[in-house]
Structures are given as C-alpha cells and as structure tokens.
Amino acid sequence: MGKIIKGSGLFKKTISPYLYLLPFLAFYFILQLFPLVQNFYVSFTEWDMMSPEKPFVGLFNYKTLFFKDYLFWGSVWATLHYIFLNVPLKIVIGLGLALLLNQNLKGKTFHRVAIFIPFVLNTAVVGLLFRWILDPQFGMFNYYLEKVGLGPQKWLIEPKWTMEIVVLVTIWWSIAFNAIIYLAGLQGIPEELYDAGKIDGCNAWQRFLHITLPGLKNTTMFVVIMQVIGSFQAFGNIYMLTGGGPLNATRVLMLHLYEVGFYYFRMGQAAAISVIIFIIVLVLTIIMLKFFREETE
Amino acid sequence: MKRIKKTGILMLAIVLLFAFSTSVLFAKGTQEKQKAAGKKEAAPAGKVVVNYWSRNGAPLGTVMGSMIKKFNTANPNIKVKMQIMTWGGEYYSKIRASIMVGKAPDIFDVSVYAPAMFLKYVESYTKEDLSQSGINISDYAGSAWNALKFDGKYYGIPIGIFPIGLYYNKDLFQKAGLDPAKAPTNQSQFIAYGKKLTKDTNGDGKIDQWGTMEVNWYNLVGWIWESFMVQNGGSLLNKDNTKAAFDSKAGIEALNLYVDFVRKYKISPAPGDVPAAFASGKVGMIIDFVHGLSGYKGKVNFGIKRMPSFYSKRPHMSWASMNIFLSPKGLRKDAGKWKATMTFIKWIMGTDFQKSFALGAGEMPSRLSAFDALKSDPLLGDIAETIASGQVFFPPSVVNATEIFSVMGDAMGQAFAGKGSADKILGQASKRVDQILARTK
C-alpha cells in the first residue's frame, strides 16, 4: 500500500484528497462562496436586477446607507433591540428548560417532545398563527383579555411592545434548540462532581453555580454565538408577524435588505447591507470566541 | 506544512477565478438571453400562445380569467394563457428576473407607478401603432394615457382605472336619520354625518359604531391624504418630479383635517382593519378603492359615491391607480406573436369587455363609451362620472414611486400615532423624498 502511494507521485498525495472532496466543494463554491464573492462585487455596483450591466459605483451604496437612508440606522437599532432581548432570554429560558428536562420527572419524554414540537413548524406557519391569535379585532388573545376585563389591546399595531411580542413568539417557536443543546451539555458533566459537591456540603444553588455553569462554558459559547448569528439573520418570523411594522419598530436589517433589494430593486445597496451584516457578525464572533477562550484558560 | 499552505493558496485562487469567471459568463449569458428575448417558445401548429402574467387575485383576476376563456373560444388561432401570481414586491421581482433571463411573459399587468421602473425593458407604442391595431386614444380617458407617456411614446396600455371613493352604509344612514340616497359631498357634511353615525348602540358607555374609520394600511392612508391635499390645491411633487412639494400649507391643512377625524371630531377610532369593520356594519362611511366592493356585496347595504370635496380648490379629486398591460421589449420582432398580443389587447380595450369587467370586478374602464353605459348603474354610476369628468389623478411617474409611498405611509403612521405636528412630520418626509429623488436622477 505504502509502495503504491509512494510510487504514485505528487498528484495522488496533494490533489487526490481534494477530488474526494470535489462534490461537496462544488456545491460549496457554487452555492456559498461564489454568491459571497459575487455579493461583495455587487455591493460596489448599481444594479436594478434587469440590466445586464452593473456599473461600478465604488462606495456609493455604503455612503447612501450611512448618510442618506433614514431606515438603515433604524434597522440597525431594531436589530440590536431584537438581539439584546432575544439572545439573553433564549439562553436563560433554554438553560432553565434543560435543567428541568434533566430531572427524573414523570413523562420526561413527553415533555421533551412537547417542547420540541414548535421548533419543527415553519416560520411562516408560526408567524401567521400568532398574527391571528394576536389580531386586535378578532384575535383569541384579546378575546380572553376582554373576558377578564383587560382588553382589547392593540397588539402588533402600536409600536410599543411589538418587538417584545416578536421575541416572545420567537422564543416559543425556537427555544427547543437551546434546550436540547444545553441538555446535551448537562449530560456531559460527570455525576461524580455533583457527588463530591454534596459531600463537601454544597447546596443545590452552589452546585449549579460552581459545577453546572462552569461545565456548560463551551456549550454556552456555542449557544451564544449561534444565537447572535441567528438573530442577525432573523427574517421569516418577523416578516410574517409584523412585516417590519408598526412604524418600522421591528424592521430589522434583514427586512431592510429584503425591501431595498426586492421592493425597490437597488441590488447594490441590498448587497452592501449584507456585507455590513457579514462584517458585524464576523467581528462579533471573533470577539466572542476570544472572550470565551480567555475565560476557559 | 508549506505544501498544505501552497495547496490552500492554489485552491483559493481557483475558487476566486471560478467565481469571477462565472460572474462574467453569467452576465454575458444574460445579455445574450436578453437579445433573444423576442424568440419565444414554439406554439402548437396554427395557434399562437400569448402568455399573460397577472398580479390580480379575486375578483379582478378571476373575472378576467373567465372572460379570457371567451376570448380564446372566439379566437381559435390564439390561446391566451393567464397565470395569476401573488401581488407585491415578489411579483415585480419575478417580472424583473424573467426579463433578465429573456423568459418574460408576452403581457404582464402592473400598477400605475410601475411603467417608470420598466421603461428600458418594455415595448412602447405610438399613436399610429395603436390605431393600426384598432385602438384610438381619443376613445379613452385622456388622463389614463397621459400617465403612461414618456418622451412622446406610451409605455403601457391602460386597461382599467381604480380610484378611491366613498363607501357608505345605507342602513346605518337610515337609522341615524340621514337620507340613504345622499352621501356627504363636502367636508362639513362629512363631519356632521360622521358625528350622527358615531354611537354607543348598546349603552355600555363605549362607542361601538363609528362615523368613519382610517385604514391601518398606511400607503392607502397616504393616498387618501394626498387626495385631500390635491383638492386643497397642493401636489405631492413639483412639476418636473424632482422635489417634494407636499410640505405646503395645503398638505399640512389636509393632514391636520385627516388626523382631526380621530382626535378633534372623534368620528373615527384609531386606524384599523377597515374592510372587516365596514363589512360587519360597524362603520358608517369609509374611503377605499372602488374595486373593493365585491368584499361588501351581500354583507351590508351600501352605496359608493365620489370622494366628497373636503376642499374646494379642486373639488372631488381622488387618487387613482390603473391596471396596465406591459410587454417586454423585443416582442414586436415576432410578427405572429405581436399580432396575437395586439388582437387580445384590442379586445380588452373594447367597450364590451370594459363594461363587463367593471360590472363583474368593480374596476372602472378607461374607455369612454363604457363609462356612458355605466353612468346609469346604481352602484358605479357616480364613480364613472367622476372619471369621465377628470376628477381623478394618478401618482407621479417616477422610478422609485414605491419608496416614496413608503415614506408617506410612515409619515401618516406617525401623524396618527401623535408623533409630532403635521408640519414637522411632513417637513421630515419631504427631506427623505428629496433624497430618494436625488438618488434616482
């Protein structure tokens, strides 16, 4: 065997592994890397989606976004609002659910499945479902609020609290992801550590603080990074629930990108938004990785 | 290690080369496809297929679909294939993508503001072209054709008009002691009627029947406000469509009046789902597009009248949109397809179709002879007269009209939410519209 490899020369040693990777690489290049490179290029052009020419306009699209697009900064703010609500809540609730599911409760499997079911729903289904439930005029939620003398409320019509509602719906829909990841993390913490803690006289809270949380550091790093990236990419749930309204209160960057690109057909500007999102996410991910690594060390 | 680095660099170079070369090839391919746009799919022997994409759902699309069946039966050599698509940005994205790859339909319908977006990519028509196909411009509402005129040519065929009008609930009028045959015709009447119609019907101390109601689709709110402003002598943009002109005295007065329906006169609740509220008989008068009437038929006893004169400088003027046919550039190179398409357009623009379509779907015709036939119609008669007498106006033909609508919609939302005075809100919106217009010069 060694003889064959030795005898086959440089080609087999250097190129042949890549040939095995070729099917994956072909998809990766065509569907991921090529659009990424193309997108960078389009962000420096002016293109209306119909013209075969894409005139190069330098930084025009970026300047327009920063200085002439009043909705851009509003979208940045809405995105940050969404992230600051969504990420911490999903981590805390996800961890809480995982801790509960990790107990030897009756019907453990049933509860796990029940929490996971909403996650398999399509974003469009979730958005439509809650739009109907929260409809101010004929929604189920207002119906019951009125029954107890608290309604009707202008859900999804008044800008106030709309982002909070969007985040709560998102949590209901996707919390299972964090819960399952944390559950896997919890099951990876050796039971002996808890036994040792008990012998040393640690109460439940102390065990959680000094054994569980440190044991979940890598899991938390993964969850935080995934949630931040996912929150920057949030689109379907918000688009279906509010369409970015009312009064642009939930118009996150991805919604702005979609509207600029596919309603106003300024593809160059839309590409510039995606480049900005890409850079923000990249920088944040590097910072978070560094932070968690230092913490671990 | 060195070798791995070298291989990595090599792979990266291949990827970048591949990405850029594909980009160039893609662009080239697109150009070639565009050049070949005129060459369409082969039709069945002896039959020319005309592909038609529509953004109109029920009732416009369904009525159109059933009428096209009649056309196909009457014209055995032509088959019009209609495909209804979801309206909105997605529809225009599909049209753009289809034009880019040379697969555009032979006809697609668009709103009044869309031709400006497609000028370079669609067929234009001269008066002579149209008359050769049996369409004489003088037979139609002049304002409809003028809205499609760029550099002396017509970009699109105005197949129908849908203005904003006043719907009123005749039963609620009667209960309030108002004459169900007469809708309000001016501002003071509208407010007085509104007050009479606003009631607490079950005596629980809460208003449950309103004089009027503002819609929570703020683009429409913007168009209604624009109607008030135009009646008051104002306009959205300046004459050459290069600057915003709505932060004027006329615009500010109009916005204050509109918001006062809620705040001062208390004849309207906060903006909400107007069609649902009117259909359930909880609102006496609403301002909405006339082709929405099918949603109320059989649910409430209602009438439609022209927009009241909220101001007297240009009485009864109301915002209107149109249903416009466009064809991709290059279609006329295929003589057979072009002839079939124009035959279909001629049929659509004929009095019979225009009248039947108005009665069936609520969209008003562009053909004057069809108006004459509609004037006696109890539901559509007054609206027909409004169009025939030129009391409608269309939005300005600018490339980024949808973006301007969005800015105006935001401004209306802010005004109704009490986020500032009318002059401040319109001043801010005006600067934003100027930026949009400057960007697209």
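Modeller: Let us start with helix H8 (residues 187–197) of chain B, where B:Phe190, B:Ile191, B:Tyr193, B:Gly194 and B:Leu197 are buried. Helices here are DSSP runs of H or I with at least four residues, strands are runs of E with at least two, and both are numbered from the N terminus.

Biologist: Why are the buried residues of H8(B) said to line one face of the helix?

Modeller: Seen down the axis, they fall within an arc of 165°, taken over the directions from the helix axis to the C-beta atoms, so they line one face. What covers them includes helix H7 (170–175), strand S7 (210–212) and strand S8 (283–289) of chain B, where contact requires C-beta atoms, placed from the backbone, within 7 Å.

Biologist: How do you know which parts of chain B to trust?

Modeller: This is a predicted model, in which local features need pLDDT of at least 70 and side-chain atom pairs count only at pLDDT 80 or more, whereas totals for chains, interfaces and linings use all residues. Residues are numbered from 1 along each chain as its sequence is written, while chains are lettered from A and ligands numbered from 1 in the order in which they are written. The pLDDT, the predictor's confidence in each residue from 0 to 100, averages 87 in chain B, and 89% of the residues score at least 70. Among the elements of chain B, H8(B) has the highest mean pLDDT (97) and helix H1 (residues 2–35) the lowest (50). Over residues 19–41 of chain B the pLDDT is below 50. Where pLDDT is low, the predicted coordinates should not be read in detail.

Biologist: Which residues have the most contacts inside the largest nonpolar core, and what makes it a core?

Modeller: A nonpolar core is a set of buried Ala, Val, Leu, Ile, Met, Phe, Trp, Tyr and Cys residues joined through C-beta atoms within 7 Å. The largest has 136 residues, and those with the most contacts inside it are B:Ile161, B:Trp225, B:Phe228, B:Leu255 and B:Ile324. Helix H9 (residues 218–231) of chain B gives the largest share, nine residues.

Key: A residue is buried if 20 or more other C-beta atoms lie within 10 Å of its own, exposed if 12 or fewer, and partly exposed in between; C-beta atoms are placed from the backbone. Two residues are in contact if their C-beta atoms, placed from the backbone, lie within 7 Å.
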